[in-house]
Structures are given as structure tokens and as C-alpha cells.
Amino acid sequence: TCLKNKGSAVRFCLWPPKLSINYYNLVEALKMIIKKKYLLFQSLTLSIGFVIYFANKLPSFLDEFVSLSSHYFFITEFDLRSPIGGEENLPITSFSPGLTSVFNSSIGGAISWLFIKDFYTSRIFNFIFTIFQLNLLNLFAFKKKLINEVFVILSNLSIFLIPWWFGSLYGLGEVSACLIFFYGILFYESNKKISLLLISFSIFFGKFILLLSFLVLFFFNLRKDGLKVFLYSLVVPIFWQTIIFFKLGNEGYINYLISYKSFLFSQGVGNTILNTNFMNFIQFIIKSEISEWTAATLLRAVIVPFVLFLILFKMRKNSNFLIQNFQLIILINYVYFFLFSQYKWIRYAQPFLIFTIFLILYIVTVDQRTSFNIKFLTLILLLLFLSSDLLIILGLLSLSLTRLKNLKINFNLSLILIFLLSLNILNLLYESLSIPIYQTFYNTCSIENFTLNCALDYMEQISLSD
């Protein structure tokens, strides 16, 4: 495929990689690449290629074993359990509320375990399954003209902007569940049934904490849409509870409900740190993981979402449905994490961080109502998620050029983002060169599928990593 200059014999061949360059028109060439989906292919190749290299550089993590084993037992025995991971590392019983990463979190890794019994392979397929779901949603959204080709490309590259993005390799569920929820909101105005099914799927087959985000949507739109519309959100939980009921029986299901209630109140607002006085609250924050966050993490998790909310609040009268709802969803999740969440782990901050990243992508590449100045400001916030100070500086310099030159705004901002996010992955690859390779294959696990012996061998590797 070649791009030919009218009235001239010169041409610029785009694909295959063998180039014949007599005339270099970068903007037109890149437009052609985007139109022909080559950049999407290259972004997927870059993303998956990096994960293949990086997957065995992650240390063992107990939640990975619990998530993978429970998913394996679900697809082989129709049972959600784990030989370890409960209180004092006792076995987790069938459909225990302690299994917070439910069916959709590590399904890719569990399927790969049927053929290759290695945690390295399961991590790769967990990521591939996340990317598959993302692009399936992209496909439907693109056909509905809710997003454009640039957003599709950037959505794949932006996975690596998410703090603790590698939780998707562990199969922990936050990344995939939040992405499904985001697209659920995106579909809401065009197809409420599909939207609410996706949202409830992300909650009950992903992460229950997203119920908080759904409640924002529910109360914000109840008067306009009525209660009847939201009945579609009950389909997934009714289906899931029916499975649990038939699996556990009457008495077992009653015990499950009691345990679930106790679990919720012990993990959330019922055990909030706000129940203590102000000084205890401050001490709790100091002793939490927040005290170990780097300046970059503090900037991304504390400053960026709040500043984005202020920007969106200022432009609220000129915002569409998606932006109006997500400015509230981000704020509510932000407040819940810092004031009510018992654990201040960065992975628990992912709901409002993922929504922040993808909302900025949407504003910059899709939304037509937003002024250039707002897009410029939100894009600066997005740059702060890049993995290198040098990349952030490069990004700021590139943005400055768009202010100095009278270029086509949307397209050039998109080109800058594609370039920077690709460099971001390459920088992560460079930084990972010095990380040691960890053990991901265990003989006991290859012979005995997630028995207690397998779990103990895995746990031993965790202690060695520490």
C-alpha cells in the first residue's frame, strides 16, 4: 500500500516495512496508517511483546495463586475455591466472599493452565484476555460511532499508564472490571440494556467495589430514566446468585449470605478509619502504604484526579453524558479510597485512576464539545502517568509546539499521544532489563493441579522473594 503524491511519480510505501521514500509527508502517511489499522496492529504487537518479556519478572504473589486456582476449579469442577488464602492461610471454601476476584478476573490464565501448567504462561494469557475484552468492546463502540480509530489505538497503549497495571497479569480483576465498567457507561445513551448488563457484569464477575460507581450512575439518572430501566442491571447478579444457590444448597446459601454481609461490613464503611478520631486517622495514613508511595505516585493518585474533577466541574454545562457521570464517579471513588477504604493499597485506587486515564483519552480524541484549552490541560494531566521524567518533559515540549503552530488540533494531539505511549512501553522494557527473572514453574503444580502441596511450594517462593 503506497501513498502517491498527485501529479508526481514519487510515492511513500507504508506496508510491508520495506520503504521506498522519495517524498516524506509524515502527517499524510500517519493518517493513512491509522485509516488502514496498521498502528492498531503495531500497538498490540508492542504491548503483547513487552508482556511476554516482562511476565516472568514479577515475583510470586499470594492473590495470584488464589485467583488462578479458583478460576481453574470453576471451569473444571464448577466450583470457586482455593487451597490457601483464607484467614491464617487456611483453604478458601466454595464461593467464599473472600474470593474478591470472581469469574472474569483470571479466566485467560485458567484456560491456559489446562494446556501449559506454568504461571508465566498464565500471566501472559491473563493479559491477552484483558486486551481481547478491551478490543471487543472497542469494536462495538466503534461501529456505534461512539469512539474513533485513534481512541482504539490509544486504549491499548494506555494500559501501561495505569499504576500497578501488572495486576492484570496476576489476574486480580481491577483493570478488566474497570474497563468493562467504563464502556458500560459509554454505551448507556445508545443502548441502556447492553450498558447495564456490562456494568453489572463488571461488578459481580469483576470487582464488587464498582457497585459504588454504579450507585452514582443510578441516583444521577433515576429521575430521567426511571426505575424500570435499571432492572436490567439485576440480570447478572440474579444469574450468579442462582449458580451459588444450586451449588451450595439451602443451608449453604444462607451461610453464604451471612458470611457475605459480615465480609462487606468488615472491609468497607463498617470498619472505616473515620470511626476513629482525627489523630488516629492521620497515624493510620502515615502507617499505610501511602507513606511508601513515591512522589510520582502521590502526584498521579492524589493530585491528578482531583484537578481533573475541578476542570470537568468548570465545563459541566457543556459536557456530554459520559463526562458528567464520570466526574462524579471519579470523585466518589476518590473520597471513598482516602476516607473510607480500610486498605490504602495503590491497586485499590485503580477504579478512579483507570477512569481518569480513559476519560482523558475520550476528551482528547473523541469529544467534540470540549475546547482545545481544556483538552490541552487534561492532556498535561495524562502525561504525568508516563514512566519517565524525560518522557514527561518530551511530552510537554511537544504540546507546546501545538500551541505555537496553527495545526489541526485533534489529529496532532493524537499523534503526540500515540508516539509518547509507544515510547512509554519501550521505557518500561528498558527499565525491566535489570529486574531478575523469578521462578514461575513448580513441579508439584504441574503434577497436582492446585493442591495444598502446590500452594506451599508457591508460598515458599514468596518468602524467598521477600
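Helix H3 is mostly covered, with 12 of its 16 residues buried. Buried means under 20% relative accessible area, exposed over 50%, and partly exposed in between (1.4 Å probe, protein chains only). The model is predicted: local features need pLDDT of at least 70, side-chain atom pairs count only at pLDDT 80 or more, and totals for chains, interfaces and linings use all residues. Residues are numbered from 1 along each chain as its sequence is written, and side-chain values use heavy atoms, with hydrogens and water left out.

**The chain as a whole**

The chain holds 20 helices and two strands. Helices (H or I, at least four residues) and strands (E, at least two) are DSSP runs, numbered from the N terminus. Of the 466 residues, 51% count as buried. Among contacts in the chain with a separation of 6 or more, 71% join residues 24 or more positions apart. A contact means heavy atoms within 4.5 Å.

H3 covers residues 62-77. Its end C-alpha atoms are 22 Å apart, which agrees with the 22 Å that 16 residues should span at 1.5 Å a residue. The expected span is 1.5 Å times one less than the number of residues. The buried residues of H3 include Leu62, Phe65, Val66, Leu68, His71 and Phe73. After H3 comes Phe78, whose phi is positive, near 55°.

Tyr72 lies in H3. Tyr72 is buried, with a relative accessible area of 8%. Which residues does Tyr72 touch, not counting those up to four places away in sequence? They are Ala110, Trp113, Leu114, Asn449 and Phe450. The C-alpha atoms of Tyr72 and Ser106 are separated by 8.7 Å, although the two residues are 34 residues apart along the chain.

**Helix H8**

H8 runs over residues 174-187. H8 has 14 residues and reaches 20 Å from its first C-alpha to its last, close to the 20 Å expected. All of H8 is covered: 14 of the 14 residues are buried, so H8 is largely enclosed by the rest of the structure.

**A helix pair**

H13 (residues 295-314) packs with H16 (residues 372-383) at an angle of about 170°, their axes 10 Å apart. That makes H13 roughly antiparallel to H16. Axes are lines fitted to C-alpha atoms, for helices over the stretch in contact, and angles run from 0 to 180 degrees between N-to-C directions. Angles under 35 degrees count as roughly parallel, over 145 as roughly antiparallel, 65 to 115 as roughly perpendicular and the rest as oblique. Val304, Val307, Leu308 and Ile311 are the H13 residues that meet Ile374, Leu377, Thr378 and Leu381 in H16. An α-helix has 3.6 residues a turn, so residues three or four places apart point the same way.

**Asn135**

Asn135 is found in H5 (residues 119-143). Its side chain makes a polar contact with the side chain of Asn156, at 2.8 Å. A polar contact is a pair of N or O atoms within 3.5 Å; within protein, one must be able to donate a hydrogen and the other to accept it, and residues adjacent in sequence count only if both atoms are side-chain atoms. Beyond its neighbours within four places in sequence, Asn135 is in contact with Leu40, Leu44, Val152 and Asn156.

**The disulfide**

A search of the whole structure finds one disulfide. Cys445 and Cys454 form it, with sulfur atoms 1.9 Å apart. A disulfide is a pair of cysteine sulfur atoms within 2.5 Å. The torsion about the S-S bond is about 95°, so the disulfide of Cys445 and Cys454 is right-handed.

**Some buried residues**

| Residue | Relative accessibility |
|---|---|
| Cys445 | 0% |
| Cys454 | 0% |
| Cys178 | 2% |
| Asn135 | 17% |
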